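Look first at how this chain is put together.

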Amino acid sequence: MTNKMKLIWLTLITLSLPLLFTAANSTAQESLATDELIQEENWQLVRDNCTECHSSLIIVQNSGNRAVWKSRIEWMQSSHGLGELGPELEGSILDYLTSNYGQKTASRRQALPIHLMPTTPNS
Ligand code: HEC
């Protein structure tokens, strides 16, 4: 390759670097959209009643069975100023939360079996 060719290649590569960063950046922005509520039945009720004080992120990061969600709503009412929802609205919100953000079987990975653990100075 001649020196002139090398220079042209180098220029092209340098000029295309910002493009690479733009592409990486757009994926990062897409992942921000994960705080959006799953758009299943009744999701609008949660958007309208539950995202006034905090983002939906605090909801989508949580999970639990119906009793857990009910206790969270009660806690929100007793200490954070959430008003009475009424039995019908509360029921629909609980249906939505329980079926879309229900109890997880496990939220952490299993511990490594002992024979796969690295040795430590004490073992
Ligand atoms: C009047 C304001 C308000 C409304 C309306 C509200 N919340 Fe909250 N919520 C709060 C505050 C304040 C916190 C505590 C935030 C913190 O710890 O940073 C909170 C925390 C939470 C948490 C986190 C609980 C935890 O264990 O950390 C969940 C889940 C939640 N809210 C769900 C809901 C749901 C579901 C609704 C709708 C039924 C709702 N919130 C409506 C004020 C509100």
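This is a predicted model: local features need pLDDT of at least 70, side-chain atom pairs count only at pLDDT 80 or more; totals for chains, interfaces and linings use all residues.

Residues are numbered from 1 along each chain as its sequence is written.

**Fold.** The chain has five helices and zero strands. Helices (H or I, at least four residues) and strands (E, at least two) are DSSP runs, numbered from the N terminus. The pattern along the sequence is α-α-α-α-α. Of the 123 residues, 7% are buried. Buried means 20 or more other C-beta atoms within 10 Å of the residue's own; exposed means 12 or fewer; partly exposed lies in between; C-beta atoms are placed from the backbone. Among contacts between residues at least 6 apart in sequence, 67% join residues at least 24 apart. A contact puts two C-beta atoms, placed from the backbone, within 7 Å.

**Ligand shell.** The ligand has 15 residues around it, and Cys50, Cys53, Asn62, His80 and Gly81 come nearest. A residue is near a molecule if its C-beta atom, placed from the backbone, lies within 6 Å of it.

H4 gives the most, with three residues. By class, the shell has eight nonpolar, five polar and two charged residues. Ala, Val, Leu, Ile, Met, Phe, Trp, Tyr, Cys and Pro count as nonpolar, Asp, Glu, Lys and Arg as charged, and the others, Gly among them, as polar.

**Core.** The largest nonpolar core holds eight residues: Leu37, Val46, Cys50, Ile59, Trp69, Ile93, Tyr96 and Leu97. H2 and H5 (87-100) each give two or more residues to this core. H5 gives the most, with three. Such a core is a set of buried Ala, Val, Leu, Ile, Met, Phe, Trp, Tyr and Cys residues joined through C-beta atoms within 7 Å. Beyond its neighbours within four places in sequence, Tyr96 contacts Glu40, Glu41, Asn42, Trp43, Leu45 and Val46.

**Asn42.** This residue sits in the loop between H1 (3-32) and H2. Asn42 is not a glycine, yet its phi is positive, about 75°. Most residues other than glycine have a negative phi. Asn42 is partly exposed, with 18 other C-beta atoms within 10 Å.

**Confidence.** Mean pLDDT (the predictor's confidence in each residue, from 0 to 100) is 85 for the chain, and 84% of residues reach 70 or more. Confidence is lowest in H1, at a mean of 66, and highest in H5, at 97. Over residues 28-32 pLDDT stays under 50, and the model has zero contacts there beyond four places in sequence.
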